[in-house]
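Thanks for coming, everyone. I'll take one structure today and walk through some backbone details and one surface feature. Here it is.

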Amino acid sequence: NLEVKSKAPNGVSFNVKGKSAHEGSTSGSIEGKYVDAASGLSLTQTWATTNTLSTKFELDNNIAKGLKAEVATDFIPTSQNFGAKLNLYFKQPNFNARAFFDVMKGPTANIDAVLGREGFLVGAEAGYDVQKAAITKYSAAVGYLVPQYSAAITATSNLSVFSASYYHKINSEVEAGAKATWDSKGSKNVGLEVASKYRLDPTSFAKAKVNDRGIASLAYNVLLRSGVTVGVGVSLDTQKLNESAHKVGTHFEFSG
């Protein structure tokens, strides 16, 4: 992966991304964004190698306090396909809610909300298809969050996939977490993931993750100098060490 960021004196920022997989074509995009801090209005335009032109208007804290509204459109010139979405984000000290409306498909709506008090969190999600007049999905979650650690239990995919996760910031250098998942309509086994992050120094850190299928992932990220970040990652299938089932990736980020 390659990412280059820059910002012009008039406040317009640019972001160029590129991605090349071992197999398949190279993909990328170029993005320009303008932000008017006084009015809370921002405009983002993106042109991707898939020949998709994307435009997004954002209005933050203008209509109402804590409310952010987005209008996002996608246009593919070759096929004349056009898409439009309306996204709403509402944030208060103990309440967060989001609503995503796909105007051209359905229309459909996906809404989620989280209510918190003294570290305890309760959330729910639902999807609705206007044309079919039917609920398409629903999920629920409970959790507990404090600065040093957090724990959550979720039920997704119409309350058929259950997950329990735990995160602990042991100290300023070491973080650890684990997640268990059970699909009541699929496998009888419980999936397990364990991960950790270790900050080597103020400019670099390393991550490690392993799951019950024997997939082990390692990553290293370092800030070479101001505006230049390099990351290296590897994913190993420990049950197929003699086969070509492993992945290696690099990430470069330049900003100025």
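Let's start in a loop. P107 sits between β8 (95-102) and β9 (108-117). Strands here are DSSP runs of E, at least two residues; helices are runs of H or I, at least four residues; both are numbered from the N terminus. From G106 to P107 the peptide is cis, with omega near -10 degrees.

A word on what you are looking at. This is a predicted model, where local features need pLDDT of at least 70, side-chain atom pairs count only at pLDDT 80 or more, and totals for chains, interfaces and linings use all residues. Residues are numbered from 1 along each chain as its sequence is written, and side-chain values use heavy atoms, with hydrogens and water left out.

Next, positive phi. N61 is not a glycine, yet its phi is positive, about 55 degrees. A133 is also not a glycine, and its phi is positive at about 55 degrees. A133 lies in the loop between β10 (120-129) and β11 (134-145). Is A133 buried or exposed? Exposed, because its relative accessible area is 53%. The cut-offs: buried is under 20% relative accessible area, exposed is over 50%, partly exposed is in between, with a 1.4 Å probe and protein chains only.

Now the hairpins. Strands β3 (residues 27-36) and β4 (residues 41-48) pair antiparallel over 8 bridges. Pairing means DSSP finds at least two bridges between two strands. G32 stands opposite Q45 in β4. The β3-β4 hairpin has 4 residues between its strands, and G40 in the turn has a positive phi of about 80 degrees.

β4 also pairs with β5, antiparallel, over 7 bridges. There, T46 has S54 in β5 as its bridge partner. This hairpin has 4 residues between the strands too, and N51 takes a positive phi near 60 degrees.

Last, the surface. L2, V4, V16, I30, W47, L53, F252 and F254 form a nonpolar patch. Together they have about 660 Å² of accessible area, by the Shrake-Rupley method with a 1.4 Å probe, where for residues only the protein chains shown count as cover. Patch residues have over 30% relative accessible area and no salt bridge; nonpolar side chains (Val, Leu, Ile, Met, Phe, Trp, Tyr) are joined within 5 Å, like charges within 9 Å. A salt bridge is a Lys or Arg side-chain nitrogen within 4 Å of an Asp or Glu carboxyl oxygen. β1 (2-7) and β19 (247-255) each supply at least two patch residues. V4 is in β1. V4 counts as partly exposed because its relative accessibility is 34%.
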